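Please open the structure in your viewer and keep the selection tool at hand. The stops below say what to select and what is to be found there.

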Amino acid sequence: MTENRKKVAFYTLGCKLNFSETSTIARNFQDEGFDRVEFEEVADIYVINTCSVTENADKQFKQVVKKAMKLNEKAFVAAVGCYAQLKPEELAAVDGVDLVLGATEKFKITDYINDLSKNDFGEVHSCEIAEADFYVGSYSIGDRTRAFLKVQDGCDYKCTYCTIPLARGISRSDTMENVLKNAKEISQQNIKEIVLTGVNIGDYGKGEFGNKKHEHTFYELVQELDKVEGIERLRISSIEPNLLRDETIEFVSKSRTFVPHFHIPLQSGSNDILKKMKRRYLREVYTNRVNKIREVMPHACIGVDVIVGFPGETDEHFLETYHFLNDLDISYLHVFTYSERDNTEAAAMPNPVPANIRAKRSKMLRGLSVKKRRAFYESQLGTNRTVLFEGENKEGYIHGFTENYVKVKTPWNPELVNTLHEINLTKIDEDGLVRMEFLNVEA
């Protein structure tokens, strides 16, 4: 690292898509002659990629800015991402913030950073979201054993609780050619697993500029990616139940690289609430997807997103959701407590659920998730799987995930980092993780 080169550090809030975009922005800085350093180090520029999905993300942003200012009070602080698009003035007013870039500008950040002198007040460059109609491909590498590969951005759905269409614009996709090029680049970096990511990846194929013609389908993308040499594992991050087709499920079950793990947002187990949310399916469709996966991949891991405390959700609605999930053969839940978002339909709906009841429902579903995960892990004991080990020493253990997303642990050995091994799952430890034995160990 040369002394006179400027140093830049990054902090990502939110989803996997944000991680892939942060990595792309970081590579742009490196191409411009900046040195990337860890966020805990002194840097000339701190870039914070923001999220708008939870209330907490707003508070976290202020804490992250404070942390940057503590490290270097003269540093230049830039905010990009979803929250920067939705509430640019609010972010610009946070003490220490110099630049706020919205959805179309974030990939041009190096053009805006001219003199690096602190501003008295944050400069805002955010577009009308209708202008966010071009596609910037990205992927993240260098931070873990897996890479997040962005294939799609934006969303045409109008779910009543969601700000993502306001923050990211219309649905648009990368070209098949570019996705495959990025996948090949990743495979050459000794990364063993690629996670496909986007806002609504099942909608893949809408043109680069959001024109409605589908060049290719998500199913075709999956087929082509399966042929890329050098990739050991491909994982589909999160896909809408109405866009997950039988042919995709069947292809994954026979695929060389796609792993038996699906994450499918449900949001509510009550058809009344699904209609109020303007989701594009009813719970029967969801049951059908789960049954189809179980039919061809009994050992698959199925994760579910669910929102509690949506306006008008009565105790009966909530219990409908609880019993629906309890009876469904799924593996874990991601539980979100509904929070009001400006400029969404749901924020103006009658009968908001009191905060204490939202919290109680959330706790009940989190408890159900623990039970479901435990039952899923128990069902996998005694089976042979393949594990990919991660890079961290956690209290003397190394952790890893099997292809069907069982989290395992074994005593720390640095040689195992980022390697794949055939194992047998033996027992569940007191911390809930699974112990294992190596197969084919050389004598």
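A salt bridge is counted here when a side-chain nitrogen of Lys or Arg lies within 4 Å of a carboxyl oxygen of Asp or Glu. With that rule in mind, select Asp153 and Arg172, which form such a salt bridge, their closest N and O atoms being 3.6 Å apart. The pair links distant parts of the chain, since Asp153 sits in strand S9 (residues 152–153) and Arg172 in strand S10 (residues 172–173), 19 residues apart. By the same rule the count comes to 33 salt bridges.

Before going further, colour the model by confidence, bearing in mind that this is a predicted model. The protein averages a pLDDT of 89, and 91% of the residues score at least 70. Which elements mark the lowest and the highest confidence? Strand S6 (residues 123–125) is lowest, with a mean of 62, whereas helix H11 (residues 283–296) is highest, at 98. Where pLDDT is low, the predicted coordinates should not be read in detail.

Next, select helix H7 (residues 176–187) together with helix H8 (residues 218–225). H7 and H8 pack at an angle of about 35 degrees, with their axes 11 Å apart, and their crossing is right-handed. Show the side chains of Met176, Val179, Leu180 and Ala183 in H7, which make the contact with Glu220, Leu221, Glu224 and Leu225 in H8. By class, the residues of this contact are six nonpolar, no polar and two charged.

The crossing of H8 and H9 is left-handed. On the H8 side, Phe218, Tyr219, Val222 and Gln223 meet Glu247, Thr248 and Phe251 of H9, and the residues of this contact divide into four nonpolar, two polar and one charged.

For the last stop, select helix H12 (residues 315–327) and helix H13 (residues 355–380), which pack at an angle of about 5 degrees, with axes 11 Å apart. That angle makes H12 roughly parallel to H13. The contact is made by Asp315, Phe318, Tyr322, Leu325, Asn326 and Asp327 of H12 and by Arg361, Met364, Leu365, Leu368, Lys371 and Lys372 of H13. Colouring this contact by class shows six nonpolar, one polar and five charged residues.

Note on methods
Residues numbered from 1 in each chain as written. Predicted model: local features only at pLDDT ≥ 70, side-chain atom pairs only at ≥ 80, totals over all residues. Heavy atoms only, no water. Axes fitted to C-alpha atoms, helices over the stretch in contact; angles between N-to-C directions. Helix = DSSP H or I, 4+ residues; strand = E, 2+ residues; numbered from the N terminus. Left-handed = near helix turned anticlockwise from the far one by under 90°. Contact = heavy atoms within 4.5 Å. Nonpolar A, V, L, I, M, F, W, Y, C, P; charged D, E, K, R; others polar. pLDDT = per-residue confidence, 0-100. Parallel < 35°, antiparallel > 145°, perpendicular 65-115°, else oblique.
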